[in-house]
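Reader: I'd like to learn how to read salt bridges in a model. Could you walk me through them?

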Amino acid sequence: MTVPSGRRERKKAATRQKIADTALRLFLERGYDAVGIRDVAAEADVAVTTLFSHFASKEALVFEQDEDFEQRLAQAVTGRAPHEPLIPALRREIEALVRHCTADSAAPIWRLVEETPALREYEESMRLRHAEALGTAIAADLGLPRTTTDCRTIARFVIDAYSLAREAADPEAALDEIFRMIEAAWEVTSSSRCTRGAVPPDGAAAGRAVTAR
């Protein structure tokens, strides 16, 4: 999770976390549908407008690390060393996220999501958004002018790897299997891009593109 630096940012982050923690506690105690936005605001001792300044919807209260997740995936692409391959960097980040989401403390939250249609729908839309953002980051890292189908496809595979591994009996084994397929797919797309002459000629992105495999 990104740590805010300034005093004002830390205060805002603390308020946001308090709201999210309160909402989750109420949802788990009473059931998602039995708790309203006003209930959460009152219990967290904030105004409804304050709650909505931090969370766009009731569903977002359950996925309070949504934006952080998206940023971490993009950072795995853009923040790696110039000659570090792309897929292993993404594997490390997904592995860390899976460990976090398969901890014993996360089990009640995922049961809540699975039992609540609105939360399942929200999670699906969130995954699609994360995949689109990751595809954009991959394309930019390669120096491409726009997100291509192959970048979007690899991004979708990576996001699905997170979901599939989180639900697997052996998450580590699942990640091994899934990322072998992702590596193979990425090698094919990288070779194809080099053949078409689409590898950027200069800069850090060029070095990454050449060593992406």
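Author: Let's go through the salt bridges here, pair by pair. This is a predicted model, in which local features need pLDDT of at least 70 and side-chain atom pairs count only at pLDDT 80 or more, while totals for chains, interfaces and linings use all residues. Residues are numbered from 1 along each chain as its sequence is written, and side-chain values use heavy atoms, with hydrogens and water left out.

Reader: What is a salt bridge?

Author: Side chains of opposite charge can pair when their charged atoms come close. The rule used is a side-chain nitrogen of Lys or Arg within 4 Å of a carboxyl oxygen of Asp or Glu. By this rule there are 14 salt bridges.

Reader: How far apart are the closest N and O atoms of Arg 25 and Glu 29?

Author: They are 3.8 Å apart. Both residues sit in helix α1 (residues 7–30), four residues apart, so about one helical turn separates them. Helices here are DSSP runs (H or I, at least four residues), numbered from the N terminus.

Reader: Which parts does the pair Arg 129 and Glu 70 tie together?

Author: Their side chains meet at 3.1 Å, N to O. Arg 129 belongs to helix α7 (residues 117–141) and Glu 70 to helix α4 (residues 66–78), so the bridge ties together parts 59 residues apart in sequence.

Reader: Is Glu 84 buried or exposed?

Author: Glu 84 is buried, at 19% relative accessibility (buried is under 20% relative accessible area, exposed over 50%, partly exposed in between, with a 1.4 Å probe and protein chains only). Its salt-bridge partner Arg 92, with closest N and O atoms 2.2 Å apart, is partly exposed at 47%.

Conventions
Helices (H or I, at least four residues) and strands (E, at least two) are DSSP runs, numbered from the N terminus.
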